[in-house]
Amino acid sequence: DTMGDEVGTNVAWRSFGYLFASQVIARTVTFTVNVLVARTLAPDDYGVYAVQFHLITTGVLFVAREGFRRGCLLSEQDTKIGNGKKLKQAVQVSWFCVPYGWIVSWMVCKSVVGWRGVAQAQDDYGNAVRWLGVATALELISEPAYILIQNMMLFKVRVAVEAAATVAKSVLLYTMLAAGVWSTATVFALAQLAFSLCVLVGHALFFTASLKGRSMLPDLLPCFGLAPLRSSLSRLSLIFTIQSLEKLVLAEGEKMVMVMVQSNYDQGVYGLVSNLGSLVVRTLFQPFEEAAFTSFRKYSCAERGEYASKTRMAESVRPLLAVMLRAMLLVGSIFATFGPSYSRLLLHILYGSTWSTSEAPAVLGQYCFY
């Protein structure tokens with residue numbers, strides 16, 4: 001029993017390690033490119049990239065797949081070799097997020113283009129929104145592979161695929177902006193399309209190369225029928241999908257308000273501060289959340305006798321949770337203490353006088369408390 005608890009805790013730490021590595025690689029590349037992009041663009045153009053387009057892609061993907069990601073995370077005994085029935089069922093249920101996500105993507109993109117007005121429906125902005133819709137549709141196709149990777153804890157694969165996709169997107173984004181051939185809106189959309197293609201191709205190449213000739217490869221393909229809809233996983237995914245709508249409003253509500261009532265310049269200032277201020281949050285806190293969710297979910301779903309009693313489970317997880325909370329409190333306290341005083345200097349060093357003389361330093365100082 002003690003050995004089982006230690007294995008569960010080690011899995012959680014290993015999960016955090018891979019997820020943290022993925023975040024560090026992705027955020028380092030993204031941060032570097034964002035600095036170069038912000039130095040190149042005016043605040044108005046940066047607002048379109050950092051707020052409006054980000055809101056479209058994040059909103060569609062989050063609503064379409066977040067509930068399935070939460071609902072299809074299986075317990076430890078369900079993912080063991082020789083017991084692949086529930087694992088296959090999870091993959092089949094996850095395929096329902098693809099047509100659902102396509103419908104959400106079409107509705108969002110059509111609404112955004114309509115909101116811009118009939119006269120602007122065929123401009124670069126409208127075409128860029130349509131390309132964003134294509135990008136989200138392609139990325140959703142790789143969701144069953146992501147579900148399988150998460151359940152099998154193949155975090156190295158996730159790190160490699162996401163890092164490669166992020167690098168490709170960042171390099172393409174800066175190269176096309178520097179070339180100046182296309183409009184900024186088109187460049188942003190094409191860069192997102194490149195990211196989605198890399199994610200889809202990366203997952204496909206891995207499962208084709210490593211699982212070729214094994215029975216699990218056909219399990220990735222969708223089967224036609226209503227049987228998966230009647231499973232408990234589909235009902236659980238539906239509950240989490242409804243909850244994801246509320247979570248999206250809480251997480252991105254301020255951006256929705258800004259898009260409706262603020263100018264592109266104000267959106268650009270907010271987008272810059274949000275990307276910079278939330279860098280630590282996304283790099284450190286998000287892996288903590290995902291690792292904790294994976295670990296605690298597997299403990300809660302474990303059958304009696306698979307691990308120790310509920311009391312022993314709580315005792316084994318408690319040190320992990322304590323370390324996570326202390327680390328987050330320490331990092332948050334440091335930024336709340338020193339952030340407001342050095343925000344202007346940081347913006348001047350990274351982005352130049354255009355941003356350091358704007359309202360961005362004051363906004364970043366307040367963001368540190370948040």
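Predicted model: local features only at pLDDT ≥ 70, side-chain atom pairs only at ≥ 80, totals over all residues.
Mentor: Residues are numbered from 1 along each chain as its sequence is written, and side-chain values use heavy atoms, without hydrogens and water.

Trainee: Why are helix 2 and helix 10 called roughly antiparallel?

Mentor: Their axes, lines fitted to C-alpha atoms over the stretch in contact, with angles from 0 to 180 degrees between N-to-C directions, come within 6 Å and cross at roughly 160°. Angles under 35 degrees count as roughly parallel, over 145 as roughly antiparallel, 65 to 115 as roughly perpendicular and the rest as oblique. Helix 2 and helix 10 are therefore roughly antiparallel.

Trainee: What classes of residue make up that contact?

Mentor: The contact of helix 2 with helix 10 has 13 nonpolar, 9 polar and 5 charged residues.

Trainee: What makes helix 2 oblique to helix 11?

Mentor: Helix 2 and helix 11 (residues 264-277) pack at about 60°, with axes 7 Å apart. By that angle, helix 2 is oblique to helix 11.

Trainee: Why is the pair Tyr46 and Tyr49 called edge-to-face?

Mentor: Rings of Phe, Tyr and Trp (its six-membered ring) pair if their centres lie within 6.5 Å; planes under 30 degrees apart count as stacked, over 60 as edge-to-face and the rest as tilted. The search of the whole structure finds 5 aromatic pairs. For Tyr46 and Tyr49 the values are 5.8 Å centre to centre and 70° between the planes, hence edge-to-face.

Trainee: How far apart are Tyr46 and Tyr49 along helix 2?

Mentor: They are 3 residues apart in helix 2, and so separated by about one helical turn.

How values were computed. Helix = DSSP H or I, 4+ residues; strand = E, 2+ residues; numbered from the N terminus. Nonpolar A, V, L, I, M, F, W, Y, C, P; charged D, E, K, R; others polar.
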